[in-house]
Amino acid sequence: MKQKNSYRRSILLLLLVLPCFVFAQSTLIGKVNSDKGETVPFANVIQKGTTNGTTTGIDGNFTIEVPSLPTTLEFSSLGYLTVELRVTNATPITVTMGESAQALEEVVVTGLATSVKRTNSANAVASISAEQLTGTTPPPTLDGALYGKFAGAVVNSNSGAPGGGISVKLRGATSLQGNIQPLYIIDGVYVDNSSIAAGLNTVSGAASGGSASNQDNPTNRIADLNPEDIANIEILKGASAAAIYGSRAAAGVIIITTKRGKAGETQFKFSQSVGWVEAINLLGVRDYTAARVEESFGAADAALFVAASNAGTLVDYEKEIFGEHGIVSNSNFSMAGGSDKTKFFAGISHNNEAGIVLNTGYEKTSFRLNLDHKPQDWLKFTLSTNYIYSSSDRGFFNNDNTGTTIGIALTATRPWDNLFPDANGIYPDHPNNSSNPLQTRDLVRNNETVNRFIMGGTVNLDIYKADNSNLELILRGGMDMYAQKTRAIFPKELQFQKLTNGGLNGVSSQGDTQNKNYNLSGFLVHNYFTDNDINFRTQAGLTNEFFDRNTVLVTATGLVASETNVDQAANTGVNQTRVQQEDSGFFVQEEVNFQDMLIATIGVRGDKSSNNGDANKLSYYPKGSLAVNINEFGFWKEDGAWDQFKLRAAYGEAGNFPPPGALFTSYNAFSTGGILGISLIGVRGDKSIVSERQKELEFGTDLSFLDGRAGLTATYYIKTIDDLILQSALEPSTGYTSEFVNAGALENKGIELSLDLVPVRTENFEWNLGINWFKNTSEITRLDVEPFNIGAFGAGLGTFRIEEGSSATQIVGSFAGELRVVGDAEPDFQMGINNNLRYKNLDLTFLWQWKKGGDNVNLTTLLTDLNRTSHDYDDITVDPDGLVVNGQYRPGAAADVHTQDASYLRLRELGLYYTIPKAMLSGVIGGTFDSIRLGFSGSNIINIFDYNSYDPEVSNFGGGTIFSGVEVTPFPSSKRYLFHVAANF
Amino acid sequence: MKKYLYKIMFFALVLVTTVSCEVEEFSDLNNAEVDAFEENLTRGDLQDLVGGLLYSSRLRLGTYYDDCGVIGREFYRFSGSDPRFTGDLLGGGELTLDNNTFYITAPWASRYLTVKNANLILGFLDGQDTSAQFTTAEVNATKGLLKTFIAYELLLNLNLTYENGIRLDVADENNLGPFVGYNQSLTGIRALLVEAASDLSNGGSDFPFILSSGFSLFNTPGTFLQANNAIAARVATYQGDASATLAFLNNSFMVMDSEQLNLGMFYTFSLDQTDIANPLFFSIEGLSAANARIAQPNFVPEAETGDNRLSKVVLLDDPIMQDDLSGNYALFRYTSNVDDIPIVRNEELILLYAEANITINPSETVNALNLIRNSAGLPNYTGTNDPTALTNEMLTQRRYSLFAEGHRWIDMRRYNKLGDLPIDRTADDVWVQFPIPLTENQ
């Protein structure tokens, strides 16, 4: 009932304030120029919040009478950005209006419904423009475009399979068991970023070895969003900025704003890119000789090797599998325009990308329609709609315990093995492994298809506007619905499916997921300006979010004929998983801006959730911040070298829910020869589990000088997580191997530096340089349970270990029963260097990304060693005594051999574009085209690393864990080359 | 103007109504919670709970049998995706058994999980008035079965950790009993079996639930009592208590009949998606080092000529090798992925009988061994009746009769003969026992 009362109160306020209007009058004169120095005729000049207004003359001059000073004038004109100007005295005014195609003065969000100028922000909020996002080279997925572009994010690709599977982690370790992926909000809609497994485990048996984590490596659903639709992304990296999002915000919040129409002539834009992907790095074949083959595989194989070698029929199977050039094609068409009252943006895009392995690929079609309607001055409706179809074929990779994935099969394959189908298309059985990787590649299908609809709407209502105060009501609703189908088909003719080989005679695993999220919220925002230019902004609101997901996975084995329907099978198993959650909360926030000198914010969010032990108990998340713009204090001359000198500090708290199932100790249903039964599964829940609480304090400074040509942002943060939820090991003799407990605390400290420079700026040549550098260190500051191992394959091969006083991502190995630290997944630092050079109409952009340090647990080499196929089997590089060849040294060696430095330096993005100027196009189709842009771009073109596998950027266990960097025969990553043509008309 | 205002006011009102309502509290949406059985345990519930016990008693059995079989040098376990079967388990190079790796943690935890499944049911039965649903005899019968299961599961873990011991008393998960040594553990397991036997003998004529086909001969309290005694006989043999062994065997289902060696109690398997397939089966066709169990090379040459128990292995066209190990014979003890695995069977009981009589009545030992030998197609035993010779012959017969059933390693350990097991690579070791899993915090 809050809104209604506030509404009544504001009406009352309105009545009280109205009579003030009739006093002193002032005459203001001025001129309106465009940013290109031309005058702007017929621009509207309105005293904000009133009907008092005028228009500029042909020379751009205007005169307006206002009842009192200070007041705010609003300048608007078709094709230009609206400008608001606060006028405090009657000196002549000069207003410069930017063309609407150019960005507004950058703002950053501070509340659920408000934003401030970046220069007044107390947080280091990163933001990425459309130009930065897609301008250099179009990324395959949205999250794939975040690499190296701002400080504080570790972006990691889990595998090279087309169609995503990327994790984004903000400011170090957020949680050990809970969610670590940021909350994504697109135009006010909470969007789902689940990764839903396709049931490959039935065949791979990967999780049967004791690691419960899903190793299917599905796509994460944020990959559905079309990067081309996005106007701006803001990243709230931690609780100090994101506290207002409360109980879901601990891992940070990524706020995405999509493109919207602007009043004026309808703008059409078409772009097409075509190119290819190829593997960035293949390992190669072991340096076989007849003697080595005989020693490793016996005389029979040696004879086969010699014969094949003489006949020239040795095959590089790695190249055969991973050596494809996948064709990439992206098409985008958009149009935007509208009138003052109604504006629209419509865009359609189609992406089609084949992978570096045959029969893998990713296809996506996205359609967007954004509408803005402003029936009255004081009322605005906005609507965003997005429909997405995506389909990805991801192949069959990663870890297994059955020798069936393509990666595992390759480890056992020698160049003289004959795996190609005969003239009748019959594949021979692999002589040395339970699956033939060529047959698996050609016959297995692992497809995910998504139909998704995301829709959000907002109503902004100015309840009242007066000279020095106004009250706005904002109502917002959003919905994210999708249906996902997963289809994993293993036909019965596969070597490992044949009954005679002990197979299951074909597996068809079909999953259907229905996901529906919706969120509703309402806010009131009140602004009050005092006479000496102090702004008080008060906001309050209510929020409600509902999440509902239902996955039914049917796995059929023993397929009839070549049927894949799950009922045409000997055995069928069904698995249903439901996730439901309802959250409800409120927030209040007060911002005070003292003449742009001091900007202080204080606020609190209260949340309740069905996911807490006590669903209707409110948890409170406070926040507070202060920014001091020293340059505004008048110490320096207006035209001095300092443009900005800001000191800022911010504190906030946010929550992270217990993972699903943490509250319950439950039985699962199983059967024994047809007798149904329920058994424990080894995990003990706890009804009294509470959310993790993150407390973040950040402070820093923003400096800008030399006319904005040099800027430095430095931030230091301390992020602690209390009530850390652990799936802590329990004495297995209890009947449970682990239990969920709130039993620890974690601390992250980090530094983020960003430097923006314009070293050269002349009429014809401009060089923009952006450098970001960041470092995070984590420490388990409190652990109430015994130290435990987590997240890999045991201490013998190297595992993560949670221990008080140590880094949260330390890697330990067992040395004759004694544990020793052998590495840490945390990088020493990361760095991004972005260069943008423009000479006349030629643009060159390139982005280097450097990750220094951080270790992986690389088990791929171990597996190839066991099969004696390692590319470096006969080299002697790992034995400290220099005696034993790698291939023989590694299998018996302790974990430190498998723990490897995963540093890399990459040319992440490169783009070279030429824009054909309008003048040259005047003769083309009657001068229809405004501009045509031609270019070439690429990603991951240069990759420098020491790591002994395809790519140090990998995660066998997917993106849902901070324990990434475990590698077991992944899908190798790829580089992309694209050619572009784009036209505006 | 006004009409917009009304519309928006209406929308706001709807929103406020939606938002201010209470948040719904959900129970576990996907599974049955344990708490749900603490009151009103029904016959249907008991069937489900016992069904769960049958399920979990088979979890990670494959790893258990691999542990015993590989360390006992019965067979090699080759795996393209896990190096530790040929590394740690055989003690290759500098490698030792780790206390936090699947080969001990997984079977150990699965056995205790089954113990917990059983203890929870015992708790449900004791914690509420069940007289409306079950007779006293039915409750006794159920308890007898549950305790027998608990004892057997504990025995399997003790087989792995041997003198490192096990926790005997784990009924209260918040107050676990201490680790106790090998002998004390055996005493405790035997006492529990005796207690279970007493419950079963007061258990009336029927269980209030059905069991899987592996228990078809033991699906009443009376017949299950025979299986209980069979397990007790094995425990008594491990204790070196020959007279108790014979007493237990007397009350077991042992029959001196060469046609009925395979009589017994079995784990069953199926391909049903919620069930488990036989973990010890690999098809011979298409067998490769990626996943294979290959008989230790001495198994076939060391057998007597004509021993038909060599049908438990199959000669391969080409040897399969991995990690400097190689063999021509693949394990074929189980011939399909739904074959039963014995819990205890008559052939073992006859051999237990032979073993117990070495000191008490050697001629009975010879008779029992001859029964086994003849059924294997071998002539009568021709050696002397002195205990050493009979023990060696008994161990040899156990080696071939109970091949790949998890006995060889334990038998050789009982007689301090682990040093007699073959070492296939110079730096290999024969482990005596597994370490206690790290997470037991010992």
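How many residues does the contact take from chain B, and how many from chain A? In this predicted model, 86 residues of chain B and 90 residues of chain A take part in the contact. On the chain B side, the elements that give two or more residues are α1 (2-20), β1 (32-33), α2 (43-56), α4 (102-126) and β7 (313-322). Of these, α4(B) gives the most, with ten residues. Sorted by class, the side of chain B that touches chain A holds 36 nonpolar, 30 polar and 20 charged residues.

The two chains are also linked through strand pairing. Strands of a sheet pair through backbone hydrogen bonds, in either a parallel or an antiparallel sense. Strand β30 of chain A, residues 666-672, pairs with β1(B) in the antiparallel sense over two bridges. Here Ser666(A) has Glu33(B), in β1(B), as its bridge partner.

Attention may now turn to chain A itself. Its domain assignment gives domain 1 (24-102) and domain 2, the latter made up of the segments 126-282, 323-396, 444-655, 674-859, 898-926 and 935-984. The C-alpha centres of domain 1 and domain 2 of chain A are 41 Å apart. Eight residues from domain 1 of chain A and eight residues from domain 2 of chain A form the contact between them. On the domain 1 side of this contact, two residues are nonpolar, six are polar and none is charged.

The bridge partner of Lys516(A) in β25(A) is Asp548(A). Together, β24(A) and β25(A) form a hairpin with four residues between the strands. In the turn, Asp533(A) has a positive phi of about 65°.

Another sheet of chain A shows a further arrangement. Three strands form an open sheet in the order β46-β45-β49, with mixed pairing. Because β46 (899-901) and β49 (966-967) of chain A stand at the edges, each with a single partner strand, one side of each is left without a neighbour in the sheet. Strand β45(A), residues 855-858, runs parallel to β49(A), and two bridges join them. In this pair, Val857(A) stands opposite Val966(A), which belongs to β49(A).

How values were computed:
Residues are numbered from 1 along each chain as its sequence is written. Chains are lettered from A and ligands numbered from 1 in the order in which they are written. This is a predicted model: local features need pLDDT of at least 70, side-chain atom pairs count only at pLDDT 80 or more; totals for chains, interfaces and linings use all residues. Domain bounds come from an automatic or database domain assignment. Two residues are in contact if their C-beta atoms, placed from the backbone, lie within 7 Å. Ala, Val, Leu, Ile, Met, Phe, Trp, Tyr, Cys and Pro count as nonpolar, Asp, Glu, Lys and Arg as charged, and the others, Gly among them, as polar. Two strands pair if DSSP finds at least two bridges between them.
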